[in-house]
Amino acid sequence: MSETLTNPSNSQDPTLTNITNQNTQRPAKRPRKVGPAPDSFEYALLSGFAGGIAGCVAKTSVAPLDRVKILFQTRSPDYQRYAGTWTGVFQASREIYSETGIRGLLQGHSATLLRIFPYAAIKFLMYERFHSMLMPTPDRETSARRFVAGSLAGVTSAMFTYPLELIRVRLAFESHHSAKDQASLLRTIRLIYLSPPPPNSKSTPISSPSSTTLSPSSNSSTPNQLRTTTKPSLRHFYRGIFPTLVGIVPYAGTSFLIWGFLKHDLIPTYIPPAFRQEHKTMIDLVAGGIAGAIGQTAAYPLDIVRRRMQVSPVLGVGSSAGFWSTAKGVWKSSGWRGFFVGLSIGYLKVAPMNAVSFATWVGLKRVFGLDDES
């Protein structure tokens, strides 16, 4: 009978084998979440939702500054004395807070949120669509194409949401000097629909619907006091849309141009990949803030004219004031400085707002598994 010699080195203990495998084999990396295809409906829905949420978060973060900026831009009689100084925004904010509390600083914010969600959703979604159409490959990316894509996205979103913007401005413009006297969203919508007063309405302020928005006692106005000599129309909700569309071209175009330049050209060239990977949110905040500040400067004069047109019925100017006549009025009253009233507040507001907006947008896209390199 033959003996079978077993070499100990060739014998394998199952327990020892398992322990060895556990020590030598590294756990596999979790696969990166694969999102929907860029041309799918799910991608569009998620991208739009991310943009809408980003807009709401950004607007809420600067809502008090937005209220004061509108009051300065439109030369509100109650707060005009604070305009033109670096400390004016804080003085006006303190007065508003002392009279009506935090609700006064957030006046009109409900209408802002109703407007900003669809506005931001459409803007970011359409930018990606126009971006893919104009720049399907990285070698096709240019500053001019980025500007065009951003401008078209801004114009598209503004056309769909402008009535909500007008309501927001009219709400923010109203002055209230006690906590009991509060702005009414429904009343403001009604007053806009009933049309602005005729140019000679200054002599008969009681019959003017807009005069009710300037007086705290307007809450008790009767239907007879709201009658006007002009026919109610939905067209009144589009007052000032022309300077809005003209102004959104340099604002949105420049913002997306600078954002794309910083994110895809400048930052990758001078900042190491390891730092970019570790500080994604900080880089997004800085790039978004710079983009917003430059875009605001480019479009601010047109923004002044737009605000004046939106509130001119409340000031008793009437419905005949057009773009050029409003611009001439700004020039005659304040010169070239009149086109930049409140710009300091604009920087305080727009830079952080755009920083939060862009950073939240790309952050949510990462969470949803969408490509953030558009």
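**Aromatic pairs, core and surface patch**

Visitor: How many aromatic pairs does the structure hold?

Guide: The structure, which is a predicted model, holds 10 aromatic pairs.

Visitor: What is the geometry of the F124 and F358 pair?

Guide: The ring centres of F124 and F358 are 5.8 Å apart and the planes stand at 80 degrees, so this pair is classed as edge-to-face. An angle over 60 degrees is what that class requires.

Visitor: Which helices hold the two residues?

Guide: F124 belongs to helix α6 and F358 to helix α14, so the pair ties together parts that are 234 residues apart in sequence.

Visitor: Are F124 and F358 buried or exposed?

Guide: Both F124 and F358 are buried.

Visitor: And what about W259 and F358, how is that pair arranged?

Guide: W259 and F358 form a stacked pair, with 4.3 Å from centre to centre and 15 degrees between the planes. This pair also links distant parts of the chain, since W259 is in helix α10 and F358 is in helix α14, 99 residues apart. Both W259 and F358 are buried.

Visitor: Which residues do ring pairs link into a cluster?

Guide: The cluster linked by ring pairs consists of F124, Y127, F256, W259, F358 and W361.

Visitor: Turning to the largest nonpolar core, how many residues does it have, and which have the most contacts inside it?

Guide: The largest nonpolar core has 23 residues, and F124, Y127, W259, F358 and W361 are those with the most contacts inside it. At least two residues of this core are supplied by each of α2 (41-61), α6 (109-134), α7 (143-173), α10 (241-270), α12 and α14 (343-367). The largest share, five residues, comes from α10.

Visitor: What is W259 in contact with, leaving aside neighbours within four places in sequence?

Guide: With those neighbours set aside, W259 is in contact with D284, A287, G288, A291, F358, W361 and V362.

Visitor: What other core lies apart from the largest one?

Guide: Another core, of 13 residues, lies apart from it; A58, V62, Y119 and I248 are among its members.

Visitor: Now the surface: which residues make the nonpolar patch?

Guide: F275, M282, V286, I290 and I294 make a nonpolar surface patch of about 410 Å². Helix α12 (residues 280-311) gives the largest share of the patch, four residues.

Visitor: Where is F275 found?

Guide: F275 is found in helix α11, residues 273-278.

Visitor: And why is F275 called partly exposed?

Guide: F275 has a relative accessible area of 35%. Partly exposed lies between the cut-offs of under 20% for buried and over 50% for exposed, so F275 falls in that class.

Terms used. Residues numbered from 1 in each chain as written. Predicted model: local features only at pLDDT ≥ 70, side-chain atom pairs only at ≥ 80, totals over all residues. Heavy atoms only, no water. Patch = residues over 30% accessible without salt bridge, like charges linked within 9 Å, V, L, I, M, F, W, Y side chains within 5 Å. Areas by Shrake-Rupley, 256 points an atom, 1.4 Å probe, with all protein chains shown as cover. Salt bridge = Lys/Arg side-chain N within 4 Å of Asp/Glu carboxyl O. Buried < 20%, exposed > 50% of the residue type's maximum accessible area, 1.4 Å probe, protein only. Core = buried A, V, L, I, M, F, W, Y, C linked by side-chain atoms within 4.5 Å. Contact = heavy atoms within 4.5 Å. Phe/Tyr/Trp six-rings, centres within 6.5 Å; stacked < 30°, edge-to-face > 60°.
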